[in-house]
Amino acid sequence: HMFVSSSQQVYAPWRRWVELWYVAYALLGTTATGVIPIVIPLAISRHGNAVDMGMVMAAISLGGLTAPLWGGLADRYRLHRWLLAGGFVVTAVGLALFPFTTNSAAWLGLALLQGLGVAGATTVANLFVVEVHPETEWDERIAWLHTFYDGGQVSGLLLAAWVSQTDLRLSLPALAGGTVVAALLGWRTTQTPPAPLQPRPVLVRPVQHGEWTLGS
């Protein structure tokens with residue numbers, strides 16, 4: 001009885017801060033920060049050159065710069081749920097089609113799709129915390145949210161090591177399928193938060209971007 005009680009004291013707190021849609025965010029981390037930075041340059045190296053790699057990775061980061069736009073649209077038109085699931089789907093499309101082309105322009109377009117999708121989903125994920133829960137809970141909830149994301153990144157790096165030895169035309173669409181699963185899970189387990197009764201105070205430096213862009 002004492003063992004059960006002490007276990008509940010240890011494990012109950014973290015479950016308070018975790019929601020089911022965090023798993024979808026972890027799957028995004030697998031794709032966005034685990035697979036894409038490793039496997040996309042690898043796919044290019046088989047048919048392109050270093051310039052192509054640099055341009056494609058720049059296009060991904062360029063998509064990330066649109067994060068404030070998605071945050072603003074979510075706030076104005078209450079599109080949180082659509083942007084979360086849509087971001088997953090757009091990322092999956094850009095990843096799945098990438099190994100089927102050797103054209104530089106097509107690579108840039110698909111890379112931009114990946115950057116746009118990840119930026120939209122990442123930005124809205126943070127809004128699902130700060131617009132739904134009281135400010136006193138933000139630290140714990142966002143910390144656990146990013147713990148799941150980072151766990152997905154570790155898994156993605158391990159997958160990237162395995163994928164590098166396989167046919168990318170088969171493995172990349174399969175990995176993109178995991179992001180589609182994340183879209184379905186995110187859609188079913190989230191609801192767009194209601195608009196606040198009073199506008200939130202305007203920050204001097206609004207935080208409406210995903211942290212992954214800082215790494216890029």
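In this predicted model, the crossing of helix H2 with helix H8 is left-handed. The two helices, H2 spanning residues 21-45 and H8 spanning residues 168-189, pack at an angle of about 155°, and their axes lie 9 Å apart. Because angles over 145 degrees count as roughly antiparallel, H2 is described as roughly antiparallel to H8. On the H2 side, the contact is made by Trp21, Val23, Ala24, Leu27, Thr31, Val35, Val39 and Ala43, while the residues contributed by H8 include Leu168, Leu172, Leu175, Gly178, Thr179 and Val181. Taken by class, the residues of this contact divide into 13 nonpolar and five polar, with no charged residue among them.

Helix H2 also packs against helix H7, which covers residues 138-163, at an angle of about 40° and with the axes 6 Å apart. That angle makes H2 oblique to H7, and H2 passes H7 in a right-handed crossing. The residues of the contact of H2 with H7 divide into 18 nonpolar, nine polar and one charged.

The angles and axis distances of the two pairs are set out below.

| Helix pair | Angle | Axis distance |
|---|---|---|
| H2 and H8 | about 155° | 9 Å |
| H2 and H7 | about 40° | 6 Å |

A separate detail concerns helix H6 (residues 104-130), in which Thr123 is found. Thr123 has a relative accessibility of 3% and therefore counts as buried, the cut-off for that class being under 20%. A polar atom of the Thr123 side chain lies 2.7 Å from the backbone oxygen of Ala119.

Key. Residues numbered from 1 in each chain as written. Predicted model: local features only at pLDDT ≥ 70, side-chain atom pairs only at ≥ 80, totals over all residues. Heavy atoms only, no water. Axes fitted to C-alpha atoms, helices over the stretch in contact; angles between N-to-C directions. Helix = DSSP H or I, 4+ residues; strand = E, 2+ residues; numbered from the N terminus. Parallel < 35°, antiparallel > 145°, perpendicular 65-115°, else oblique. Left-handed = near helix turned anticlockwise from the far one by under 90°. Contact = heavy atoms within 4.5 Å. Nonpolar A, V, L, I, M, F, W, Y, C, P; charged D, E, K, R; others polar. Buried < 20%, exposed > 50% of the residue type's maximum accessible area, 1.4 Å probe, protein only. Polar contact = N/O pair within 3.5 Å; in protein donor to acceptor, adjacent residues only side chain to side chain.
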